[in-house]
Structure formats: structure tokens, C-alpha cells
Amino acid sequence: MVDSIRSSLPPAYAHLFNAFFDRPKVVETRANCDNCSMCDHGEASPVAMEFFNSDTKCCTFWPTLPNYLVGAILSDTSPEMAEGRRRLEQIIAKRVGVTPWHVDRPRKMSLLMTGYSASFGRAKKLLCPFYDASNPAGSCSIWRHREVICMTYYCKYTGGSRGHAYWIALKSYLLYVQRSLAQTAAREIAPEVIEPKFTNKGLTLEEMEDLPPKESDYAAWWKSWVGREVEFYKKCHEWVVNLPPAQFAKNVDHSKEGGPLLAELIGKYDLLESKILPKSLVRNARMKEAHVGDKVVVTSYHPYDSFALDKDLFEVVGLFRADQTLDENLERLKRDEGIELAPELIDYLFAAGVLVDPNDGNAKQPAVNNNPGELKGRRAALGAVLEARGLAADDAAKARIAAADAATLELWIKKAAVARAIHEVLDD
Ligand code: SF4
Ligand code: SF4
């Protein structure tokens, strides 16, 4: 029997969620965390890869632990939580990032993490304080109680773009839940405590030097709970554990913000399970392409989840038209080009984000540059493709090419790559 979504959530709040969470959990097999799929295992790749560091994997991230999960870790006396608990107690003793709602990363680290895409998965400086390199079998020392970002992140998705959309929706809903629970728990346990608001981006001297906040600031936030933070966090955990699901549903799932997030999540799960395709599909105009020999490596919905396609197939999907339904496109390709595309292949191309709904943002061509140099370059490229394919342009065709804008020339270059006559290139 497949585990439920609920079974994969931290035990502190798993009981709160509605019946949707009893449906089978989504299992990601392409992200193999035990033998990290983003690390170099010496396998050949069609394009140069920027591998993750095997000493960090994707844990170059400092989580924001909500108060009730902090309490869950501190209350968990099982042997496998001993290391995580020890690390957390050390952080709380240092008072850095320790507030009534969270145990958070130092603000200096937050600044570093605003522009760290080139270092993600690689920089040891960013390694999570709960990552236990001495325990390869369980490198996350707080796994059972990990927070939402850690729980919903994958580098690759078995269901492709549908899977990615599901995890994004789950993350958005659970982040809302996490925020609501942390705030309400703190208010219920100790209405007098104050969560600090860090509105200005500048760091204090203490933050720059990795020192605790000023005694007066810390006392203003924590009031009589200074020195009793562990007790406070454990009480927040207890409060969440004892929260009745009906009260949670009223305050979270039926709230103005929570209701739509839950509906979106259920919708994305259904789309992933049902594999329904949009009525019409066109090639994604915004994906990154790397042309390597007879392959095109495309990156569409996620920077670490690329797919290699045969060049011919890549050209064929460029012939899909937004003004035709999927069936009409397939019929036209069969009739005019003698090309038949199997339903499984169409589904794969949609999951890979190569084919997209023409009504979503990815189908629209990015802004094109119509400056004279750009136009000249595209006309020359079109001329070269026409010549290579033995397609002669008459005077009327030449006039149209001379008057075309950059986007049209780009389209014609793609059509010319597979056309057998000049009218197939220039006609709609
Ligand atoms: S999710 Fe992280 S640990 Fe798992 S395979 Fe991907 S990069 Fe590696
Ligand atoms: S909490 Fe665990 S999963 Fe999350 S970044 Fe740290 S080590 Fe990785």
C-alpha cells in the first residue's frame, strides 16, 4: 500500500489536515537523495553539468523552524533526534535568530541567500546547521520534524512540470499553515511576547559579528520568557498537537487566504494524477535550449531538470499551432508532413515542459529585439537555412523576408529547418 500525503508530514501537525491528505503521496524517483542525482557519479552527459557538491547536496540552505517544530525536536527523545536536538539547543543558547515565532537563520545569512543561485548546492559556507556529514545515511539530523521548504523541495520530478506544479502548490499551502500556526501558538501561549520586525536591511554590529542581539532588545521580545525559551517552544508544540482539526479547518482551510491555496493544491494533485492535457499545445517559447550534435537539451520549468530531445523532434514540435486544437495539430502533421506522434510522446513532451498550453505565459515569445543588427543577423540565418535546404526564394518571397520583423524571421528559420518548399516557410 502506498503511504498517504499525511504520513509524510511532521507528526506535530499531520492530524490537522482534511481528507485530501489521506490520498497517496507523490513519490519522486528521479531525485535519488541517498545517491544524490545532482552530484557527479562519473556518468556521461550531453551537456556540461554544474554538479552539486557531494558534501552539501541541496542542503545549502538554513531553514526557518516554526516554534512548534522547534518544540517537537526539543521534546523528541528518540536516539535518531539526539544530534539534531543537541544542535538546536546550541543555537537557542546563542540567541541568534531565536524569536517567539521561529528559530531562524542569522540575518547575515539571509542577506547572503538573496543572491546565491550560483552557490546553491555547492557552497560549504551555506551548509545547513542541521546537516550531519558524519551520518551519510541520515544527513538531516531533524528529518522527522523538518520545515516546509525542506519537505517540498526536489531537484527533479517524476511527473515533470505537473509534478513541479504540485510541489509548488503544496509548499504555498503549507507555508501559509506554518505561518498561521506559529503566530497563533505564540499568541495563545504568551500574548505578551513580541516578534521582532526587521524592516531595515542594514545589519546591526552584533549581527555582523555573529553575536547575540543586545540584551535589551532580546528582553523586549521575550519578556519573562528570557532563559525559558525551550519551555516556550515545547508549549507551542503541545498547543499544536492538541489543536482540534475542526478549529484548524475554520481558521486556516476556510480562511480567505488558506481556502484558495488548498483548492489550488487539490487541483494540481488531480492534474498530476489524471494526466489531462490542455486542449491545445505549442512549443514552449521560453525554455533554454542547448544544441549538441543531433540532440537539443532543453530546460523548461526547473533549472536542474533538463531533458534531451532528438533535434528532429524538437523541430517538429515547433510546428504546433496555437490556433489549432491538439487533435487538429496532430492531424495536420500526419497529413502534410507524414509525421505521427504517439499519445505517450505528447504526454512526455508536456510533462517535460516542451509543449505548453498556448494560454500560459510560457507559450508567448519573449520580447524580441528589432534593431537593424538583429534583423540583419536573422535574415542571414534564414538565408543560410534556405540555401542549405535548397529552397529558392522568388522576388515576392525576398520582399517579405526584407519586411519581416525579428519574431517572424525567427519563426521562419524554425519552419525552414523542416520545410520542403518555400511556401511552407512563409505561409501561415
Ligand atoms: S533533492 Fe537534493 S539530495 Fe535529493 S537528489 Fe535532489 S539535490 Fe540530491
Ligand atoms: S533541515 Fe535537513 S533537509 Fe533541511 S536543509 Fe537542513 S539538513 Fe537539509
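This report walks through a predicted model of one protein chain with a ligand.

## Reading the model

Residues are numbered from 1 along each chain as its sequence is written, while chains are lettered from A and ligands numbered from 1 in the order in which they are written. Since this is a predicted model, local features need pLDDT of at least 70 and side-chain atom pairs count only at pLDDT 80 or more, whereas totals for chains, interfaces and linings use all residues.

## The chain as a whole

Let's start with the overall picture. The protein chain has 17 helices and seven strands; these are DSSP runs numbered from the N terminus, with helices being H or I of at least four residues and strands being E of at least two. Along the principal axes, its C-alpha atoms fill a box of roughly 85 × 45 × 40 Å.

Of the 428 residues in the protein chain, 29% are buried. A residue is buried if 20 or more other C-beta atoms lie within 10 Å of its own, exposed if 12 or fewer, and partly exposed in between, with C-beta atoms placed from the backbone. Among contacts with a separation of 6 or more, 72% join residues 24 or more positions apart. Two residues are in contact if their C-beta atoms, placed from the backbone, lie within 7 Å.

## Three domains

The domain assignment gives domain 1 (6-274), domain 2 (282-363) and domain 3 (372-426); such bounds come from an automatic or database assignment. The centres of domain 1 and domain 2, taken over C-alpha atoms, are 36 Å apart.

Where these two domains touch, 11 residues of domain 1 are in contact with 13 residues of domain 2. The domain 1 side has five nonpolar, four polar and two charged residues. Here Ala, Val, Leu, Ile, Met, Phe, Trp, Tyr, Cys and Pro count as nonpolar, Asp, Glu, Lys and Arg as charged, and the others, Gly among them, as polar.

## The nonpolar cores

Now look inside. A nonpolar core is a set of buried Ala, Val, Leu, Ile, Met, Phe, Trp, Tyr and Cys residues joined through C-beta atoms within 7 Å. The largest one has 53 residues, and Tyr 68, Val 70, Ile 73, Ala 185, Cys 236 and Val 240 have the most contacts inside it. Elements giving two or more residues to this core include helix 1 (67-75), helix 8 (229-241) and helix 5 (160-189). The largest share, 12 residues, comes from helix 5.

Setting aside neighbours within four places in sequence, Ile 73 is in contact with Met 81, Gly 84, Arg 85, Leu 88, Ile 142 and His 145. A second, separate core of 15 residues includes Leu 281, Phe 350, Leu 355 and Val 356.

## Around the ligand

The residues around ligand 1 are Ala 31, Asn 32, Cys 33, Cys 36, Ser 37, Met 38, Phe 52, Lys 57, Cys 58, Tyr 154 and Cys 155. To count here, a residue needs its C-beta atom, placed from the backbone, within 6 Å of the molecule. By class, this shell holds eight nonpolar residues, two polar and one charged.

Arg 95 lies in the loop between helix 2 (82-94) and strand 2 (102-103). Its phi is near 70°, a positive value in a residue other than glycine. Arg 95 counts as partly exposed because it has 17 C-beta neighbours inside 10 Å.

With 11 other C-beta atoms within 10 Å, Asp 210 is exposed.

Finally, Ser 45 sits in the segment before strand 1 (65-66). Ser 45 counts as exposed because it has 12 C-beta neighbours inside 10 Å.
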